[in-house]
Every structure is written in structure tokens, then in C-alpha cells.
Amino acid sequence: MKIALLGYGKMGKEIEKLALSRHHEIFLKIDNEVEWRNNLEKLSESDVAIDFSMPGCVTDNIKRCFQKNVPIVVGTTAWFEELDEINKLCVQTDQAMIYASNFSIGVNIIFEINRKLARIMNGQNEYELTIDETHHIHKIDAPSGTAIKLANDAIDILDRKNAWSGTASLDTGMINITSNREGNITGTHLIKYESDIDSLEIKHEAKNRQGFALGAVLAAEWIVGKSGFFEMKDMLGF
Ligand SMILES: NC(=O)c1ccc[n+]([C@@H]2O[C@H](COP(=O)([O-])OP(=O)(O)OC[C@H]3O[C@@H](n4cnc5c(N)ncnc54)[C@H](O)[C@@H]3O)[C@@H](O)[C@H]2O)c1
């Protein structure tokens, strides 16, 4: 496949390595607005685009792909307010997009376990749920998109929770998310249910960025020829 890489930072470079190892061609690399000006036409010749850029430009990048009929894989996080509008635009204009706050297969397994565990815990009111995430010091957004998804999925299921908070809240309707920024850590997420008697923990620890890159390239291979707005669970068949 001819891949357009939108964003050539830490993740863009990792995806390039992974895509080449799977015999794809990196047809286009765009890392800023100046490069867009010279390469918009080349985008239409790409089979698929993969966007790991920045929250301020991701929706423009997506709309450019929609206009050029290029399916897009989006890994950029921290643009939740615009997600619904993009979802609608994708469906209305018969385009193809897969979005995941985390493309790691392991994390998507954890998403599924998190939903199942929340269903079990719905009647166990003595357990308090908290979520803890740790990332490298360069990560711009906090809490991570992954921690927010874990919290929102649990809120949809747990009757006793109705919102999440990124600062320690005493409101029992809140799920508290703690964000830590340390050194070079790729990404660690901990889901914890705790009562006065015991605690249960589920942890995912990314050892490097390869898992995100592999998931994104697999998603690019999967989305070509489809139309609609997809999530990883559609691809993984959970
Ligand atoms: N979904 C996932 O699995 C996953 C995994 C890791 C990171 N992320 C997210 O992916 C994004 C990128 O992460 P990163 O660590 O590679 O960040 P990074 O800062 O290393 O790279 C971002 C790149 O985007 C470029 N950019 C700026 N404006 C652009 C534009 N208009 N068009 C295209 N590119 C532009 C920047 O020059 C930069 O090189 C972040 O939002 C991060 O949270 C998602």
C-alpha cells in the first residue's frame, strides 16, 4: 500500500519502520502546514493515510483526507470535542476512518476486560474505582486519551459513577484519574477497584511504541475498501 504519514514525530517514525517491514511504501510524509501546501495533490494518490500529529491540526488533516477520498487511521489524541462532528461528516460523505486513543492490541484487550469488570462490579458498591496513568514527560495531554476512555466506558456501565475527574475529587459519583509524567515511560495504565477488605488491579504497561505502530498499520491494512467510522473493537471483532 502507498501510505501517507501525517505527523512525522516519535510515532510517525515508528510507524514508518513497521510499515516498511510489512512491505508498504511510505508515499508521503507531512509534518507541518508548509509541507501540506506542496503535497495536497499527492495525498489523493495515497491508498491510506495514518495521522499521529497534534490536536490543533488533526481535524483539518482528516477533512483533507475525506475531500480526497483517502481512508484514514487516526491515533492523535486530545480532540474529543470534535469527534462526534467528524464521525457524522465521515458517514454523511461516505468516507472511511478508524480512530483509537490507543492502537495497542494489548490495551484494546484491557478495554474489553474493563467493560466486563465494570458489569461485574456494578452491584459491588463497596469497591471504589480509580485509574492511574504514567507517561513520558513530553506527553502534552493529561489525563491520557486511554485513561479517559477507560473511565468513560466504566461510567457508561457503573450506576454509581457519572463523571471522571483529573484532580482528586471527594465526590463519590466521580472516577478519579491520576496522571504521572516521568522520564521516558511509554505508557502505563492501572485500573483499581478497592474496598476496606481487598483491592483488584488490572495493569497494562507498554514496553515501547511498537505496539501502537503495529496496531495502526494493521488498521490501515484493514480499512482500505471500507466506508464508515470505525473503532478498534470493530477490527478486532470483540
Ligand atoms: N493512539 C495511539 O495508539 C497513540 C500512541 C502514541 C501517541 N499517540 C498520540 O499521537 C500523537 C503524536 O504523538 P507523538 O509522540 O508522535 O508526538 P510528536 O510530538 O513526536 O509528533 C507530532 C508531529 O506532528 C507534526 N505536525 C505538526 N503540525 C502538523 C500538521 N499540520 N500536519 C501533520 N503533522 C503535523 C509535528 O511537527 C510533530 O513532528 C499525540 O496526540 C499522542 O498523544 C497516540
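In sorting residues by class, Ala, Val, Leu, Ile, Met, Phe, Trp, Tyr, Cys and Pro are taken as nonpolar, Asp, Glu, Lys and Arg as charged, and the others, with Gly among them, as polar. In this predicted model, the shell around the ligand, sorted in that way, holds 10 nonpolar, 10 polar and five charged residues. The 25 residues around the ligand include Met11, Asp31, Glu33, Thr77 and Phe103, and these five come nearest to the ligand.

An oxygen atom of the ligand is 2.8 Å from a polar backbone atom of Phe103, while a nitrogen atom of the ligand is found 3.0 Å from a polar backbone atom of Gly75. At Trp36 the side chain takes part, with one of its N or O atoms 3.4 Å from a nitrogen atom of the ligand. Of the 860 Å² that the ligand exposes when taken alone, the protein buries 82%. The ligand sits in the largest pocket, and the elements that contribute two or more residues to the shell around it are helix H1 (10-21) and helix H2 (33-43).

Turning to the aromatic side chains, the structure holds three aromatic pairs.

The backbone deserves a separate look. Most residues other than glycine have a negative phi, and most peptide bonds are trans. Asn69, a residue other than glycine, has a positive phi, near 55°, and is placed in the loop between helix H3 (58-67) and E4. The peptide bond from Ala142 to Pro143 is cis, with omega near -5°, and Pro143 belongs to the loop between strand E6 (128-135) and helix H6 (145-157).

Note on methods. Residues numbered from 1 in each chain as written. Predicted model: local features only at pLDDT ≥ 70, side-chain atom pairs only at ≥ 80, totals over all residues. Heavy atoms only, no water. Near = heavy atom within 4 Å. Polar contact = N/O pair within 3.5 Å; in protein donor to acceptor, adjacent residues only side chain to side chain. Areas by Shrake-Rupley, 256 points an atom, 1.4 Å probe, with all protein chains shown as cover. 1 Å grid on protein atoms, 1.4 Å probe; cavity = no way out; pocket = protein on both sides within 12 Å on 5 of 7 lines; lining within 4 Å. Sits in = over half its atoms within 2 Å of the grid points. Helix = DSSP H or I, 4+ residues; strand = E, 2+ residues; numbered from the N terminus. Phe/Tyr/Trp six-rings, centres within 6.5 Å; stacked < 30°, edge-to-face > 60°.
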